[in-house]
Amino acid sequence: MGANHEDHHHAPDGHGRALRLGVGGPVGSGKTALVAALCRTLGPSLSLGVVTNDIYTTEDAEFLRRAGVLDEERILAVETGCCPHTAIRDDIAANLDAVETLEDRFGPLDLVIVESGGDNLTATFSRGLADRQIFVLDVSGGDKVPRKGGPGVTTADLLVVNKTDLAPMVGADLGVMDRDAAAVRGARPVLFTSIRQDPTAATVAAWVSEQVAAWSHAHAAHAS
Amino acid sequence: MDPAVNPAVNPAVNPALLLLADSRLPAGGHAHSGGVEQAVTSGAVHDVPSLAGFLRGRLHTAGTVAAALTAAACACAAGPPPPEPAWGLLDAEVDARTAAPAQREASRTQGRLLLRVARRVWPSPVLEGLARAVPNPHHPIALGAAAHAAGATPEEAAMAAAYHAVGGAATAAVRLLGLDPVAVHGLLAGLAPDLAAVAGAARSGGDWESLPAHSSPALDLLAEQHARADVRLFIS
Ligand SMILES: Nc1nc2c(ncn2[C@@H]2O[C@H](COP(=O)(O)OP(=O)(O)OP(=O)(O)O)[C@@H](O)[C@H]2O)c(=O)[nH]1
Ligand SMILES: [Mg+2]
């Protein structure tokens, strides 16, 4: 990238730009599968960009490119220097840079999805990076996880409990997970999914569509 | 009381310098290893003594050049003459001293991210002017301009640059090799006289062409190998 690459410093208030959606959660819970599903379902009606934060290699970005759910140039990978949570919470500069690069190249966009590197239950997105965030758990981590809480489980705008198809095999009680999640999350929504069985993730996509609609209504570009 | 004579108001250490040199400055530095990741992969850095050699070499080559260029950028920002027309020329001086394309890229990435942070933290016409003239500046240019906007002198800016040249690399080695973090901080403390010497030698006046131009072929090669690696944790 040369010295004269365009200045892409955006106002932090969000006017006239895409909704930025963080997708976080433990390793292997299905974040990339969910991002692929959202691209599949929302891609035809919304202008999308995706930023992945792989811990190692660019596996997630490659997976999404191979899945063919989105024009591959709309998928950027960020390296996180051994610290996936730092890159989404404490020092979000590289992620913001990637998001704004996508907006400059393909904008105006409706939605930019940022997938965090798989981390632990304490990892959440900075509000400076993500306007909304989804935390993805899977049932095979054990039905006690929602009860354990942590900022991801308790504060995410949407909690997704994925891989419900595996519940009988791992002896996870979905009723317990639902009740425990409600106890720590109050009114914030929880959705149970099996992306294996529904590769469109229809319920999550519907929630995201509502968020995008509300965002674009509230943050239309200032008339100039 | 006159702030110039009250040490409580005008302390010996500029607090802005601490912010600029702090690894917690949210400008993306945490994901750059300054060549350490590739040096660990190749085996050149594998323990505390080998890291010590790497850091000393980095400080006296890339660090010395970066400190001098940062001081020049800080002085340029202070003017006169008005800095905006000059930024492109000074930026080209950095290019001329940065042989490896991978290092130029890493420097511009860090410069752009630092400029983004500085424009929000220390809003100033100088930084807006830099963003207009060179939206994607080399790191020393952004650091020098940010230091000026934060109220620091060229000498202080040079100190931040010299520390930046070794601090991130040292942290990366701790993460990658599981080195004793106290031992590694001991190395950094041991480099304090060298840091002072490098920063002190960075003159803010004089011709830009005569600024130091030390090269470090090993760092250049590591940067190029790193950029081509299939598996990596750090951006550079
Ligand atoms: N059985 C089942 N497997 C699933 C489901 N969703 C995803 N998987 C599988 O779970 C594995 C991990 O999915 P990913 O989407 O890569 O998970 P991730 O959270 O992105 O993983 P990291 O990015 O490595 O943290 C893959 O093998 C998926 O095919 C599901 O609903 N049911
Ligand atoms: Mg993933």
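Here is the chat, starting with the annotated domain.

Me: First off, what kind of model is this?
Reply: This is a predicted model.

Me: OK. Which residues of chain A does the UniProt domain annotation cover?
Reply: The unreviewed UniProt entry puts "domain: CobW/HypB/UreG nucleotide-binding" on residues 22-191 of chain A. That span is 39% helix and 18% strand, and its end C-alpha atoms lie 16 Å apart.

Me: Let's take P26(A). Where does it lie?
Reply: P26(A) is in the loop that runs between β1 (19-24) and α1 (31-42) of chain A. Its contacts beyond four places in sequence include K31(A), G118(A), D119(A) and F135(A).

Me: Why does P26(A) count as partly exposed?
Reply: Because its relative accessibility is 21%, and the buried class stops under 20%.

Me: What about K31(A), buried or exposed?
Reply: Buried, at a relative accessible area of 4%. K31(A) sits in helix α1 of chain A, and the K31(A) side chain reaches the backbone oxygen of P26(A) at 2.7 Å. Leaving aside neighbours within four places, K31(A) also touches E115(A), S116(A), G117(A) and V136(A), among others.

Me: Switching to charges. How many salt bridges are there over all chains?
Reply: A search of the whole structure turns up 19.

Me: Which residue of chain B does D97(A) pair with?
Reply: R116(B), with N to O at 3.4 Å. The pair goes from helix α4 (residues 93-106) of chain A across to helix α5 (residues 101-121) of chain B. D97(A) is buried at 7% relative accessible area, and R116(B) is buried too, at 10%.

Me: Which residues are linked with those two in a network?
Reply: E100(A) and R112(B) are linked with D97(A) and R116(B) in a network of salt bridges.

Me: Now a pair inside chain A: what does D180(A) bridge to?
Reply: D180(A) bridges to R179(A), with the closest N and O atoms 3.5 Å apart. D180(A) is buried at 8%, whereas R179(A) is exposed at 54%.

Me: Last topic, nonpolar surface. Which residues make the patch of about 250 Å²?
Reply: I55(A), Y56(A) and V231(B) make it. V231(B) comes in the segment after α11 (217-228) of chain B and is partly exposed, with 37% relative accessible area.

Definitions and conventions
Residues numbered from 1 in each chain as written. Chains lettered and ligands numbered in written order. Predicted model: local features only at pLDDT ≥ 70, side-chain atom pairs only at ≥ 80, totals over all residues. Heavy atoms only, no water. UniProt positions renumbered as here; feature names shortened; annotations may be inferred. Helix = DSSP H or I, 4+ residues; strand = E, 2+ residues; numbered from the N terminus. Buried < 20%, exposed > 50% of the residue type's maximum accessible area, 1.4 Å probe, protein only. Contact = heavy atoms within 4.5 Å. Polar contact = N/O pair within 3.5 Å; in protein donor to acceptor, adjacent residues only side chain to side chain. Patch = residues over 30% accessible without salt bridge, like charges linked within 9 Å, V, L, I, M, F, W, Y side chains within 5 Å. Areas by Shrake-Rupley, 256 points an atom, 1.4 Å probe, with all protein chains shown as cover. Salt bridge = Lys/Arg side-chain N within 4 Å of Asp/Glu carboxyl O.
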